[in-house]
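Below are my notes on the model, as numbered points. Please read them beside the coordinates.

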Amino acid sequence: MSDNVHLGHRARKRFGQNFLHDQSIINHIVAAINPQPDEVLVEIGPGLGAITEPVADLTNHLNVVELDKDLVERLNNHPELSKKLSVYQSDALKFDFSQLIPAEGKMKVFGNLPYNISTPLLFHLFNFADHIEHMHFMLQKEVVKRMAAAPGSKAFGRLSVMTQYYCNVIPVVDVPPECFKPAPKVDSAVVRLVPKPANELTAKSTKLLNQVCTEAFNMRRKTLRNCLKNIMTSEDLEALDISPSIRPESVSLQQFITIANWLHDKKEQ
């Protein structure tokens, strides 16, 4: 049996499939999710059910979003799991998570995210952040590093700013390649994202905040003055008490919010 065939399912490159099989890592993730019997739980990309099964054991019902129709069929026909699952065959990038929002309380979201869609998927989920208690994702270690990076570090960029705007970011555990079948060529890590309360989200337009970050980090080696010259002058930056001569990676989350809010007010005038 080739390494790519696991429990009768061949991992598909185009879906970025790597299946987790390390029991101690699985236990660690399930403990971090801490599923309770009546919660609304949502798993993205359940794959062969490595995390689905232990979570389902601890809860009454689990929603899963899976694109691969063979895996959907497997889950729907699973002798124990199928009774507890609502399976949505869908691309998570296009899935409307608002249909799962509970009448009371919040959702818990988790998954082993395909590396090729992890960033756009995170941005999609941030739209529902105020209805989410926390998220646990297996990602490329490099991506987790960027999400958690502090200003002044090389890894700090648009993903850091936008993730930290919406959530508190807590790295949970590193996961080496041999914990998967087939083993990916990169190290992975699990991250815990805890959405911030609404009163901490002070950007007047998150679209503008994202736009400022995109402009700034497009040319991260240049000074802020050069990076943002299409949208503001050095004098504008100085008026906001932000040095035009620093590089984007030295700008704090709060300073990015200040710039975005200044732009928002200017457009409103």
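1. Over the chain the mean pLDDT is 91, with 94% of residues at 70 or more.

2. This is a predicted model, in which local features need pLDDT of at least 70 and side-chain atom pairs count only at pLDDT 80 or more, while totals for chains, interfaces and linings use all residues. Residues are numbered from 1 along each chain as its sequence is written, and side-chain values use heavy atoms, with hydrogens and water left out.

3. The chain contains 10 helices and 11 strands, taken as DSSP runs numbered from the N terminus (helices H or I, at least four residues; strands E, at least two). Its radius of gyration is 20 Å, close to the 18 Å of the globule rule for 269 residues, so the chain is as compact as a globular protein of that length. That radius is taken over C-alpha atoms, and the rule is 2.2 Å times the number of residues to the power 0.38. Along the principal axes, the C-alpha atoms fill a box of roughly 65 × 45 × 30 Å.

4. Of the 269 residues, 49% count as buried (buried is under 20% relative accessible area, exposed over 50%, partly exposed in between, with a 1.4 Å probe and protein chains only). Among contacts between residues at least 6 apart in sequence, 65% join residues at least 24 apart.

5. Helix α6 (residues 158-166) is mostly covered, with 8 of its 9 residues buried. The buried residues include V161, Q164 and Y165. Among the elements that cover them are α4, α5 (141-148), β9 (167-175), β11 (188-195), α7 (206-218) and α10.

6. α6 packs against helix α10 (residues 253-268) at an angle of about 90°, the axes being 10 Å apart. The two helices are therefore roughly perpendicular. V161, Q164 and Y165 of α6 meet L253, F256 and I257 of α10 in this contact, whose residues divide into 5 nonpolar, 1 polar and no charged. Axes are lines fitted to C-alpha atoms, for helices over the stretch in contact, and angles run from 0 to 180 degrees between N-to-C directions. Angles under 35 degrees count as roughly parallel, over 145 as roughly antiparallel, 65 to 115 as roughly perpendicular and the rest as oblique. Ala, Val, Leu, Ile, Met, Phe, Trp, Tyr, Cys and Pro are classed as nonpolar, Asp, Glu, Lys and Arg as charged, and the others, Gly among them, as polar.

7. L121 sits in helix α4 (residues 118-126) and is buried, at 0% relative accessible area. Beyond four places in sequence, L121 contacts I44, A92, L93 and L113. F95 is 26 residues from L121 in sequence, with 9.9 Å between their C-alpha atoms.

8. H136, in strand β8 (residues 132-140), is buried with a relative accessible area of 2%. Apart from residues up to four places away, H136 touches A32, I33, V109, F110, G111, V172, V191 and R192.

How values were computed:
Contact means heavy atoms within 4.5 Å. pLDDT is the predictor's confidence in each residue, from 0 to 100.
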